[in-house]
Amino acid sequence: MQIVLSWPVRLFIVVVLAFSIFVDGAGYVYRIANHYPLTGNVPGLPPNFGGWQLYVHKGLDLAGGTHIDYRLINFPPSQSRADVQKKTIDVINKRVNSLGVSEPEIRGAGSNYDRITVDLAGVTADQAQKTIGAVSKLVYTKWVKDAAVTGGPVPGYRPAFVGLTGDDIQNATATIDQSGVGWVVNISFTSRGAGIFADLTRANVAACPGAGTDCPERHLTIWLDLTQKDIDSWADPAYASKVYSPYDTACLANQTPDTVCGKKLTDPTTLTEIAGGQAVISGGFTQASAQDLATGINAGSLPVDLQVLDVIQVGSTLGAESVKLSLAAGLLGLSIVVLFMILYYRVPGLLASLALLFYAAAVLALFKVIPVTVTLAGITGFILSVGMAVDANVLIFERFKEEVRAGRTIPAAVDAAVRRAWPAIRDSNSATFITCLILGFIGPPQVKGFALTLGLGVVISLISSIVVTHNLLAIVMTGSGFRRPALMGVDRVRNV
Amino acid sequence: MSDIAQGKQSADITSDASPAVSPQREPRVRRLNIIGRRNLFFAISLLIIIPGMYSMVTRGFLLGIDFAGGTEFTLNFSNQPSVAQVEQAVAAETIHGQSIDGSVIQTGNGDFLIRARPMLPQEQKVVEDDLQNKLGPMVVRQVLEVGPTIAGETIQFALLAVVLASVAILFLLAIRFHNLPGGWRAGFQFGGSALAALLHDVFLLTGIFSIMGKVLNWRIGEIDSFFVVAVLTVVGFSVHDTIVVFDRIRENLRVSQRLSFEQVVNLSIMQTAARSIITSFTVVLVLVAILIAGGSTQKGLALALLIGIVSGTYSSIFNAAPLLVVWRRLQPLR
């Protein structure tokens with residue numbers, strides 16, 4: 001244990017302390033350096049030190065916002081699930097960007113790549129769901145003969161997928177049409193899309209040749225969100241007519257497995273073969289609806305369907321109240337512990353309290369640097385770890401009293417107490433640390449936050465109690481005035 | 001390194017006036033015979049655990065939203081309607097012609113908690129707008145929506161975590177204590193006793209929550225994922241206290257060859273009880289602070305931790321070490 005008292009260790013403590021204070025007070029350092037007032041809003045916060053943004057990352061339950069867990073269903077069979085999940089995350093990211101959320105968190109999860117967790121600060125669940133789950137899965141179909149279809153919008157025919165979807169579109173823009181009244185969406189295909197599109201239009205024209213002639217095979221229909229289930233149900237005339245009606249955004253956004261919505265975007269007759277990969281979607285758009293569609297297409301379509309598993313929506317007032325209450329509870333807890341330690345253990349108690357402040361400063365700095373997203377459960381974990389930080393000190397001090405009773409001098413008793421309390425401190429903290437590891441690995445997100453803060457707390461508290469308290473004790477012991485039993489909280493001391 | 005250090009300490013202690021060989025130096029509490037009255041202490045534990053277990057088996061738990069599944073709105077109306085008014089408005093709510101099966105609770109700070117069946121975010125919005133039309137301006141403070149998948153997973157996780165933590169701790173102790181006389185058998189006696197004390201705390205805590213939630217119908221007795229956090233933390237803390245006692249037993253076994261195993265255990269309990277009680281006391285102070293000043297979500301967590309930590313301290317002093325003595329009697333080392 002002598003190494004604990006060596007100068008490199010002391011230097012390390014001082015460096016850690018200085019760094020922690022700098023990080024904790026980063027906002028104030030920035031204000032002073034730039035001659036800003038110490039309170040109120042100033043530009044440039046949180047400060048950026050060489051690429052480091054130092055501030056406390058608040059979880060949704062503190063900042064307010066929405067958390068949604070999605071399950072991905074209907075994976076395309078030919079692609080790797082990991083890629084599909086990654087692509088879905090990219091698409092969600094693009095869509096969420098339109099909301100202007102600061103630091104949206106979109107993470108993949110699930111043992112089989114079938115989960116995505118979305119955390120959006122300052123957004124209601126309704127907004128989030130509308131944006132993320134927005135339907136803009138653009139699909140093209142041709143029409144094929146089907147004797148089973150006897151009624152509906154196009155008797156004798158049903159739509160068939162042609163392998164051309166919104167994913168084959170490079171870019172979409174909304175412009176005013178040639179008449180200068182309506183709006184259209186101009187799309188340019190990727191090279192793959194352009195090829196398929198050219199082949200389709202050529203086949204269309206060949207189906208019933210001659211200018212001005214029309215037959216169902218000559219139509220290339222564009223749908224939003226048309227599914228195989230819709231096509232399979234085409235023989236039901238009411239169903240088919242409903243799906244063939246103009247797309248209904250409100251219906252699509254709120255659809256459940258049982259609802260039937262209009263999904264047709266446009267159903268033009270192909271006049272000539274279109275090569276070159278450029279096409280125009282017209283369909284009585286207004287400026288707003290044309291722009292929405294263009295944005296939707298550009299953001300890409302989701303390769304899978306999303307099923308909502310759970311939603312947590314926290315209002316901003318609740319979050320702000322929680323922060324206040326937690327801070328109050330933390331400060332109250334810390335002060336009570338400090339008061340108790342000083343009254344019960346006197347000078348050692350005071351030193352332990354100083355070590356506790358070092359501990360609190362270091363943990364807060366770590367939260368900012370790592371960064372740890374601080375949640376309510378996380379704060380509770382932190383407050384709790386203050387209690388554990390005290391434990392190692394209590395073990396040492398109780399042992400110290402015993403050693404003094406057994407007849408040691410105070411400096412010798414300090415040394416023996418630290419040495420003998422160590423195995424118990426080490427083993428008991430490893431047990432808690434193992435529990436934290438288990439929670440951290442298998443827990444749901446809110447539990448992980450707790451495990452992380454408690455686990456960090458255990459490690460730092462070990463350093464603070466063993467290294468910092470011991471060093472402070474050793475330094476104080478050099479002044480003989482402090483060796484008085486009353487100050488050390490012991491009854492009697494054998495004088496040497 | 002630790003072995004050398006311990007070798008040195010035993011030399012120190014035997015050459016010094018060690019506590020074990022100079023009883024006149026020991027405070028009067030040392031005379032308390034905990035091991036001798038172990039059956040009394042076991043009985044006290046069972047007195048609390050058995051009703052709790054009975055309640056768990058027959059009544060189950062009051063499930064929070066993340067275990068039960070469904071939707072929970074936390075709303076604050078500026079017109080301060082009565083509970084009856086809110087209940088009436090909620091009862092009239094339908095989605096696609098079906099009732100939302102809502103129940104209404106008013107919390108301490110005037111918020112209304114409305115529990116309903118699971119619904120999509122769009123449907124939640126409809127319900128919110130509708131309630132606002134009926135009851136006047138309101139603030140949506142929180143909406144929790146948990147589907148059956150997540151609810152099932154959280155329960156699975158809870159069980160898995162307790163089992164994993166228990167096994168990990170059993171082996172950690174077995175490894176740390178197997179270098180005593182008796183080898184691995186002794187190691188597992190220590191580990192097993194600590195595990196028993198730990199399960200004591202888990203059952204006591206869950207039992208009390210079952211009674212609070214289902215027998216007394218207190219909302220604070222609700223089981224949610226924070227409760228799982230509490231149980232697991234209690235597991236960690238309980239073992240904390242137990243290890244401190246066991247560690248002292250290990251140390252005393254090395255230095256006090258003249259004492260019987262029971263005497264060594266009793267002495268070790270006495271030597272560490274002050275520390276266990278003081279540490280728990282400081283943690284209890286912190287938890288009471290959270291209970292008084294914390295937000296409503298933290299209160300359930302704080303109460304669970306409070307019960308668990310008091311139980312953990314009790315079990316480490318009055319159950320774990322006495323159990324070790326009983327085990328040693330049933331299965332002597334040789």
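## Helix 12 of chain A and its two partners

In helix 12 of chain A, residues A377(A), L384(A), D391(A) and L395(A) meet F226(B), V229(B), T233(B), H240(B) and V244(B) of helix 8 of chain B. Contact here requires C-beta atoms, placed from the backbone, to lie within 7 Å. By class, this contact has 6 nonpolar, 2 polar and 1 charged residues. Ala, Val, Leu, Ile, Met, Phe, Trp, Tyr, Cys and Pro count as nonpolar, Asp, Glu, Lys and Arg as charged, and the others, Gly among them, as polar.

This is a predicted model, in which local features need pLDDT of at least 70 and side-chain atom pairs count only at pLDDT 80 or more, while totals for chains, interfaces and linings use all residues. Residues are numbered from 1 along each chain as its sequence is written, and chains are lettered from A and ligands numbered from 1 in the order in which they are written.

Helices are DSSP runs (H or I, at least four residues), numbered from the N terminus.

The crossing of helix 12 with helix 13 of chain A is right-handed, the near helix being turned clockwise from the far one by less than a right angle. Their contact divides into 15 nonpolar, 1 polar and 3 charged residues.

How values were computed
Two residues are in contact if their C-beta atoms, placed from the backbone, lie within 7 Å. Helices (H or I, at least four residues) and strands (E, at least two) are DSSP runs, numbered from the N terminus.
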